[in-house]
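My entries follow the order in which I looked things up.

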Amino acid sequence: MNKRRPPEEAVFLNAEDCISRLCAYFEVFLTEHPDTVADVESLADYLGTTREGLFALEKDRVYGFELRKARNRIAAIKKQLAFRGKLPPAVLSFDLKNNHGYRDKSEDTAGEAETVVIKGSAKDWAK
């Protein structure tokens with residue numbers, strides 16, 4: 001078993017440890033702490049690193065894909081909470097932009113002004 005970093009700096013010992021600890025976060029930690037909503041910061045804290053450290057590790061060739069999948073899973077959980085009316089849309093939007101790389105369409109199409117009007121009640125959509 002090769003260690004990639006000295007133990008005092010390591011977040012993971014190897015790829016198997018990475019996968020195991022990510023699974024434990026979603027399947028054990030979140031289950032044992034039902035009041036905790038999955039998010040980037042709680043995952044980083046669980047792993048013993050920071051939000052910035054987690055994002056830096058996503059560039060690692062060994063751990064990056066698994067960490068990006070975990071971040072995607074967190075976004076999916078939050079979107080489902082928002083769809084069910086348990087997470088305010090503004091909070092979801094802020095989080096997706098700041099922690100998951102989402103951008104407003106207007107940021108992608110600067111100069112192409114387009115107005116979209118959505119009619120209805122978000123409360124009805126959450127049903």
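I took axes as lines fitted to C-alpha atoms, for helices over the stretch in contact, with angles running from 0 to 180 degrees between N-to-C directions. Helices are DSSP runs (H or I, at least four residues), numbered from the N terminus.

The model is predicted: local features need pLDDT of at least 70, side-chain atom pairs count only at pLDDT 80 or more, and totals for chains, interfaces and linings use all residues. Residues are numbered from 1 along each chain as its sequence is written, and side-chain values use heavy atoms, without hydrogens and water.

**Entry 1: two helices.** I looked up helix 1 (residues 15-32) and helix 2 (residues 40-47), whose axes come within 11 Å and cross at roughly 115°. In contact (heavy atoms within 4.5 Å), R21, L22, A24, Y25 and F29 of helix 1 meet S42, L43, Y46 and L47 of helix 2.

**Entry 2: aromatic rings.** Rings of Phe, Tyr and Trp (its six-membered ring) pair if their centres lie within 6.5 Å; planes under 30 degrees apart count as stacked, over 60 as edge-to-face and the rest as tilted. I found five aromatic pairs. The ring centres of Y25 and F26 are 5.0 Å apart with planes at 80°, so this pair is edge-to-face. Y25 and F29 are stacked, at 5.7 Å centre to centre and 15° between the planes. Both Y25 and F29 lie in helix 1, four residues apart, about one turn of the helix. Ring pairs join Y25, F26, F29 and Y46 into a cluster.
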